[in-house]
Amino acid sequence: MDDEELIEPKDFENEESEKIQTDENEKQAPNQTTNDPSNKNIMRILVATDNHLGYLERDPIRGDDSFNSFEEILKYAHTLKVDMVLLGGDLFHDNKPSRSCLYRTMELFRKYCLGDSPVRIQFLSDQSVNFSNQFHTVNYEDPNFNISLPIFSIHGNHDDPTGEGGLAALDLLSVSNLVNYFGKTEDIDDITVYPLLLGKGETKIAIYGLGNIRDERLYRTFQKQSVKLMRPVESKDEWFNILVLHQNRVAHNPKNYVHEKMIESFIDFVLWGHEHECLVNPQASAVGEFHISQPGSSVATALSEGESKDKFVGLLEVYKNQFRFKPFPLNTVRPFIMDQVILANSNIHPTQQNDVIQWIEQKVESMIEQAKLKSQGKPNESMLPLIRLKVDYTGYSTINPQKFGQRFQGRVANPNDVLLFHRKKPTTSSSNKKQKDGELDVNSIKEKEEDKVKVADFISEFLGNTPSDRLQILSENDLFNSLHSFVEKDETDSILKMVDLSLKSTQKYLNSKISSKDAYPDFIAKYIDDNFPLQHQNVSSVNSDLLPINNPNEFESALLDEDSHGHEHGHHEHNSNNQMIYDDDDENILNQRTIFKSPQPNKITTTTTTATTITSSQISTRRKSSTQSTQSSQVSIIIDDDNDDDDDDDNYEINEDNDKDFESDEEKTPPSKKRGKAKQVGSTVTKRSRSKK
């Protein structure tokens, strides 16, 4: 792996370009820019994903692996003197981590994140929009805490918000001011992402966080073009845009992954979590101008080929619109050697089982020696290795893997699953492909994923054979979600809540459709038979996750064959109170300082938001003694409450001192020529009644 990689997504400016460019001499000698954290214009970010803290924590051999690797990551952050750490989800392995796991995690954060060192980055966006907890403050600006290393993280599929209150384990770390948790989505059918705006000298970064959403649901939301990334209006071309997400990158089926075409064209760098294979060096997108870094997991959670590769974290250095990336190896990861053999190549007769066992044993011994050589001189040298040998036993009989593994007790970390037996599936002659001499048939020896019974497939098969088998009141999609929460997240009341919500939604719908004079059992039963199951748009539920969707192809379109970066220009509402929704025809009501602009909906919805303008350029120091002057600017929008036929009677009052700060990607507002810090301005929407003239 290269020691250093220079990426130029955009043209370099002549001034200060020598601070970023590298040549052959710099590759041989320590880079002055890399080792000089005092540079006022280069932001240094350590990126990592999928730490899975608490994985196998009760295992006497492997219980500390996840914590050892994560502590090494935090040590890298101190050694490299980074400005911040950016995590891509799955910090915890369990949705409800144990008390011991939480204690050890908070212990590490307190050890490495609290201190007297100054934080050299400024937080420029509205914190009440970016952070969901009641304090709405980035942790290093809290005067009650001395934070020396800010950590920003989204949630993954293992530690996602769930249960009562929709809280995640990261919320506990957020409210204790140890982690800045962002990327939480309130409405997964209409997603609006507001970036974290950070600055350091002349460098300005916008970080868009999208925590994990069930892949099929997010795919559908992308197809409806209901995923919107809001951009700062002021000097928007001067921002370096980073997207952090935690979703499938590999298409396990056509509708459960994020295609690169779905990523907005203005994004410069993507930090991709969820995939555990380490592909840390940025790869240029095949469909866009951005680069993708996939650091992978920091601990092996499966005995698979992707997990057996060396693991790295990355240092991302950004100067204006340029960036450089350098990987750093994780040396505390347990050694992992994986190989495969075909018994037919052993030239041993299938009846000579003792000779077969001895032949396999010799292969495992050689793998153990290989692991020793791989970890020699590293911190993980004393660790017992993970050994995984795939055995193609076509034409032979299997042996007991657990009994075989006892031969290596105390020499390997996974004695019970050293061997994995599989055999080729018979193929028809029409499916056989001719191959050149000496060419390896990878598909013939590569083990396919083991067949697993999926709850969703089981429900669909069991309930969808005939129309009489289908559910009417409950939704198959809701049933799958609740069963998944019951099994995977230990939510014992998930099914009860789902039934209760479905009944309430159905009762509300029937009350709105059936008059009291017709409300007798026979009529209601007939109405249900004729109109149920309900379509998605007919039900109003307090939980959008539980809305019944009876046609899985309802939102199918040819989106992947077209540009998927557009935004939906229809009416949309957000559950949060931090957005302003306005009419395209009334654009004049927004003055030059409106905080956010969203794509043009068809109605005006009155909401109230409050924000703060950051005017100080000072940096948080040891005792957080730097002061920041704040200003508040309000916009009053007066909406006529009368039902006048003439819309011209509506009266709007505005404050002309304001300027726009954010807009959707489709807004055509030209970038400002004046350089300066991004500003956040509060706005208040009020409603007043007036009498007709």
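Me: Two strands pair if DSSP finds at least two bridges between them. What makes E8 and E9 a pair?

Reply: Strand E9 covers residues 203–210, and E8 and E9 share five bridges. The cut-off is at least two, so they pair, and they do so in the antiparallel sense. One spot to look at is Leu 196, which sits opposite Ile 207 in E9. Bear in mind that this is a predicted model, where local features need pLDDT of at least 70, side-chain atom pairs count only at pLDDT 80 or more, and totals for chains, interfaces and linings use all residues. Residues are numbered from 1 along each chain as its sequence is written, and side-chain values use heavy atoms, with hydrogens and water left out.

Me: What lies between E8 and E9?

Reply: Two residues, and the two strands form a hairpin. Gly 201 in the turn has a positive phi of about 60°.

Me: How do you know that E4 pairs with E8?

Reply: Two bridges join E4 to strand E8 (residues 196–200), and the strands run antiparallel. That meets the cut-off of at least two, so E4 and E8 count as paired. Phe 123 faces Leu 198 in E8 there.

Me: Which strands stand at the edges of the open sheet, and why?

Reply: The sheet has seven strands in the order E4-E8-E9-E11-E12-E14-E13, with mixed pairing. Strands E4 (122–123) and E13 (279–284) are at the edges, because each has a single partner strand, so one side of each has no neighbour in the sheet.

Me: What makes E8 "mostly covered"?

Reply: Five of its five residues are buried (buried is under 20% relative accessible area, exposed over 50%, partly exposed in between, with a 1.4 Å probe and protein chains only). Leu 196, Leu 198 and Lys 200 point one way from E8, while Leu 197 and Gly 199 point the other way, and all are buried.

Me: And why is Asn 139 called buried?

Reply: Its relative accessibility is 0%, so Asn 139 falls on the buried side of the cut-off. Asn 139 is in the loop between helix H4 (127–130) and strand E5 (151–153). Leaving out residues up to four places away in sequence, Asn 139 touches Phe 145, Ile 147, Pro 150, Asn 177, Leu 178, Val 179 and Asn 180 (contact means heavy atoms within 4.5 Å).

Me: Is helix H6 mostly covered or mostly exposed?

Reply: Mostly covered: H6 (residues 215–223) has eight of its nine residues buried. Among them are Asp 215, Leu 218, Tyr 219 and Phe 222. Gln 225 follows H6, with a positive phi near 55°.

Me: Why are H2 and H3 called roughly parallel?

Reply: Helix H2 (residues 65–79) and helix H3 (residues 99–113) pack at an angle of about 15°, with axes 10 Å apart. Angles under 35 degrees count as roughly parallel (over 145 is roughly antiparallel, 65 to 115 roughly perpendicular, the rest oblique), so H2 and H3 are roughly parallel to each other. Residues making the contact include Phe 67 and Leu 74 of H2 and Leu 108 and Tyr 112 of H3.

Me: How many helices and strands does the chain have?

Reply: There are 13 helices and 22 strands, where helices are DSSP runs (H or I) of at least four residues and strands (E) of at least two, numbered from the N terminus. Of the 693 residues in the chain, 51% are buried.

Technical notes:
Axes are lines fitted to C-alpha atoms, for helices over the stretch in contact, and angles run from 0 to 180 degrees between N-to-C directions.
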